[in-house]
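This report walks through selected backbone features, helices, cores and a ligand site of the entry shown below.

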Amino acid sequence: MVLEFYQKVPSGCAIAGIMNTEAMSFSGNKIMDCIEVMHDRSNGLGGGFASYGIYPDLKDCYAFHLIYDDEPSRVETEQFLRKYFVMVGGETIPTRNTAKIRTSPMLWRYFLKPMEHLVEEIDEEEFVVRRVMEINTGIKGAFVSSSGKNMGVFKGVGYPEDIGEFFMLEEYHGYLWTAHGRFPTNTSAWWGGAHPFSLLDWSVVHNGEISSYGTNARYLDTQGYPCTLETDTEVITYAVDLLMRKHSLSLKDMASVLAAPFWDKIDNMEPSVKEHLTKLRIIYKDLLLNGPFGVIIANTDMMIGLTDRIKLRPLIAAQKDNWYYISTEEAAIRKIEPKPEEYTYSHAGKPLYATLKNKDKKGDKGTKISQGARLKGELNDDNK
Amino acid sequence: MITNNFPPKYKLNINENCNKCKRCAKECSFDVFTFDETENNIVAYNKNCVACRRCVLTCPQNAIELSENKIAFNSHFNWDYKTQNDIHKQSDTGAKLLTSVGTGLSHKNIFDHLLLDACQVTNPSIDPLREPMELRTFVGRKSDNISDEIGPQLQLETPIVFAAMSFGALSLNVHKALGNAARKAGTCMNCGEGGLHPDMVEYGPNTFVQVASGRFGIDKEYLESGAAIEIKIGQGAKPGIGGHLPGEKIDKEISKTRMIPEGSDAISPAPHHDIYSIEDLENLIYLLKEVTEYKKPVGVKISAVHNAPAIATGIVRAGADFVAVDGLKGGTGATPATIRDNVGIPIELAISSIDKRLREEKIRHKASIIASGGIRSSADILKIIALGADCASIGTAALIALGCTVCESCHTNKCAWGIATQKPELTKRLDPEEGGERVYNLLRSWSLEMKELLGSLGITSIESLKGNRERLRALDLDSYTMETLGVKGAGR
Ligand code: SF4
Ligand code: SF4
């Protein structure tokens with residue numbers, strides 16, 4: 001357990017998200033244009049994107065995006081993955097050399113199916129979560145930056161628009177994109193520390209600092225989520241996964257845990273609501289997030305914006321036709337949608353959200369995935 | 001001649017302002033003052049003085065000067081005044097030395113070496129005058145998730161309860177004062193092991209009722225009148241030993257409350273004679289739950305000893321809804337001095353390792369932790385909560401609010417402030433309404449201070465400080481202690 005003696009780096013940020021609720025895909029250009037408006041909210045020490053619907057041809061596989069420090073960590077991770085998964089494909093994530101991003105760690109992605117005999121007994125998603133935790137805590141120099149189906153996270157050290165250019169995001173097409181520009185207070189050359197943070201198909205971009213980190217992390221640790229990255233965003237991601245996937249809480253209940261209403265409000269609610277919210281707060285008291293935050297949480301089906309219980313950070317949503325936008329600043333939305341139908345300002349603890357209308361579609365265009373260097377024995381049955 | 005006639009520790013001087021009103025002679029319950037008719041003046045027998053300060057504070061002429069009687073002792077570090085004096089007392093009587101309150105030895109106070117964090121720039125501090133600050137705390141077993149039934153919960157509006165102090169050790173007026181304060185502040189007192197006096201039944205919704213080894217005053221009605229039930233295994237000031245309330249203290253009221261004959265000694269055995277193992281404890285926990293139909297939290301109080309984490313784990317697995325832990329510096333109405341000063345571990349270390357162990361075992365949410373033993377201020381409370389407790393319990397601090405001057409004489413039944421005594425002429429000195437108001441004020445003041453501290457930490461709910469050791473730093477503690485506390489050194 002590295003929990004007890006961690007080094008936490010506070011940071012300020014810009015966040016943005018765009019979703020097409022009909023699951024129509026669009027290129028990464030749009031989100032890059034959007035986040036670039038808020039350039040001054042980051043300082044070039046972290047930027048990243050989460051994109052949904054980008055791998056429709058392999059949508060049944062868990063797409064693992066890996067960041068490696070060196071060759072041995074890659075070899076060890078691939079050996080590990082082969083123990084648990086059928087490796088349908090694997091390659092380096094294509095990047096372009098740019099003037100702004102000169103060095104990068106090794107970036108790989110794998111398309112994986114859990115070995116059937118291993119998941120007979122346990123929940124498949126739980127199986128995947130365990131493996132992600134094992135890599136992140138057990139393999140030195142390896143970090144899983146995303147592990148969901150038909151989605152991926154692209155992040156690194158740099159301004160977000162430069163990171164987007166580096167990853168050639170204009171060539172990707174997804175129906176939901178979120179982005180993050182980071183303003184950490186000190187340099188960290190570690191690409192894994194950038195946002196979004198992701199687990200399964202959850203991704204979180206986060207503007208803020210959690211003053212309850214220790215309480216949250218210690219609780220999550222007892223729930224099987226060792227927090228090793230010392231970032232607040234990791235804590236939020238695990239909390240959302242625990243609440244919504246494992247404990248099947250509704251979106252509103254999840255928000256009432258993370259940004260709980262105050263007791264004096266709860267006490268004056270009608271008895272059944274009061275009872276429910278009291279129970280939520282009692283059971284999940286350790287997951288209340290204190291301190292300023294604005295977050296965009298996304299998964300395959302939805303995009304959620306949430307601010308802390310006293311709204312210490314800004315967040316605004318806008319809507320037009322089938323488009324839904326969430327951003328730290330209105331200007332960023334206006335850049336890509338000059339005349340939205342309506343703007344909604346976030347209220348403390350009340351989620352802003354949009355859900356996918358067409359749940360089966362999830363990305364019509366997709367992205368070719370064959371630009372990178374493939375694994376030896378690529379896309380076939382070298383697990384046998 | 002053997003040099004056992006030590007000069008008195010304190011010295012009283014009555015100055016020329018004295019108008020011979022003789023009030024001091026009435027006020028002093030330790031028989032210090034007499035009026036000398038022939039000399040027409042007040043004479044003080046210094047040797048009886050315990051420095052309770054009653055005379056000084058009640059003399060209408062402000063004529064009494066109380067000071068430490070400084071006589072020269074050979075400046076030997078090991079064989080100082082106290083050590084020599086103790087030996088003389090023991091060789092005079094052949095008895096063990098009795099004392100009260102918490103230990104006064106200079107064991108390192110870890111609280112004083114822990115510092116809290118505060119927000120600057122990246123995370124705004126929060127102004128408690130503008131934003132709500134929540135101190136509400138629930139004591140009880142929490143379920144694993146929302147779909148399970150949650151156990152009975154005791155709702156406290158501030159994370160402070162009063163420690164178990166029995167009627168017998170304390171006067172009924174003290175119980176009433178604590179009851180009034182607890183009710184007004186939305187928290188709980190603890191009736192201790194002496195049963196619940198009929199006058200106290202109305203305070204039941206704000207009372208932990210205790211089940212101790214003497215089983216005094218326990219029947220179904222008693223258990224049902226409390227808000228929660230606490231099985232007392234140990235006490236910080238006297239781990240591993242029982243209690244003894246002498247027959248002369250067992251007057252009509254106490255006999256009624258404890259359900260024992262008037263004038264008989266009330267003996268609490270060291271162990272519960274039906275608990276010789278953890279399974280036995282489990283039986284008692286479930287017996288009490290059955291009797292009260294699973295409507296109240298049932299917890300267990302232990303003293304902080306070396307093996308406390310393993311014991312606490314066993315207690316939680318045995319079904320307890322809370323674990324109360326009383327540290328080395330916890331107070332008492334009477335105990336052998338050698339036990340008080342030498343047995344147990346500080347509460348800061350005990351809570352840290354219990355919280356850690358329960359988390360490792362993944363059962364931390366199954367019970368609340370109540371910490372006590374030397375908690376002196378709002379900052380101590382926040383520090384113990386950051387180390388892993390859910391709330392703190394205070395005894396001596398509440399008594400000081402009622403006038404206690406820490407004279408360490410509770411076991412004599414002579415408390416001049418009417419607190420630790422049953423003598424009617426003394427107990428009437430304490431007005432339960434006025435006293436209740438003072439103790440309530442203390443809770444209010446500490447609660448406001450806690451809100452101030454939480455605001456500076458950027459936290460709007462006490463829940464978010466629980467176990468949040470990242471917000472603490474250690475100053476001048478050795479690395480082993482810091483590791484046990486799970487706290488980094490200041491500056492890191
Ligand atoms: S109470 Fe004060 S004034 Fe009265 S007799 Fe005692 S010392 Fe003198
Ligand atoms: S309660 Fe009374 S006897 Fe006990 S220490 Fe306080 S003042 Fe002295």
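## Backbone exceptions in the loops

V101(B) is found in the loop between β5 (98-99) and β6 (114-116) of chain B, where helices (H or I, at least four residues) and strands (E, at least two) are DSSP runs numbered from the N terminus. Although not a glycine, V101(B) has a positive phi of about 65°, and with a relative accessible area of 9% it is buried, a term that stands for under 20% relative accessible area, with exposed over 50% and partly exposed in between (1.4 Å probe, protein chains only). The model is predicted: local features need pLDDT of at least 70 and side-chain atom pairs count only at pLDDT 80 or more, whereas totals for chains, interfaces and linings use all residues. Residues are numbered from 1 along each chain as its sequence is written, chains are lettered from A and ligands numbered from 1 in the order in which they are written, and side-chain values use heavy atoms, with hydrogens and water left out.

V406(B), in the loop between α12 and α13 (424-427) of chain B, is also not a glycine and has a positive phi of about 50°, but at 38% relative accessibility V406(B) counts as partly exposed. Most residues other than glycine have a negative phi, and most peptide bonds are trans. In chain A, a cis peptide bond with omega of about 5° joins H195(A) and P196(A), and P196(A) has its place in the loop between β10 (176-184) and β11 (197-199).

## A buried loop glutamine

Q235(B) lies in the loop between β12 (228-232) and β13 (243-245) of chain B and is buried, with a relative accessible area of 10%. Leaving aside neighbours within four places in sequence, Q235(B) is in contact (heavy atoms within 4.5 Å) with K301(B), S303(B), D326(B), G331(B) and T332(B).

Helix α14 (residues 432-456) of chain B has 25 residues, which should span 36 Å at 1.5 Å a residue, and its end C-alpha atoms are 36 Å apart, in agreement; the expected span is 1.5 Å times one less than the number of residues. Among the buried residues of α14(B) are Y440(B), L443(B), W446(B) and M450(B), and what covers the buried residues includes α4 (172-185), α11 (378-386) and β19 (391-394) of chain B. After α14(B) comes G458(B), whose phi is positive, near 70°.

Helix α10 (residues 271-283) of chain A, with 13 residues, reaches 18 Å from its first C-alpha to its last, close to the 18 Å expected. Its buried residues, including L277(A), L280(A) and I283(A), pack against α6 (213-222), α8 (251-258) and α9 (263-267) of chain A together with β7 (137-139) of chain B.

## Nonpolar cores

A nonpolar core is a set of buried Ala, Val, Leu, Ile, Met, Phe, Trp, Tyr and Cys residues joined through side-chain atoms within 4.5 Å. Of the 124 residues in the largest, F162(B), V325(B), I384(B) and I394(B) touch the most other members. A second, separate core of 105 residues includes Y55(A), I266(A), L277(A) and F138(B).

## The site of ligand 1

Ligand 1 is surrounded by residues of chain B, among them C18(B), C21(B), C24(B), C59(B), K22(B) and R23(B), where near means that a heavy atom of the residue lies within 4 Å. By class, this shell has seven nonpolar, two polar and two charged residues; Ala, Val, Leu, Ile, Met, Phe, Trp, Tyr, Cys and Pro count as nonpolar, Asp, Glu, Lys and Arg as charged, and the others, Gly among them, as polar.
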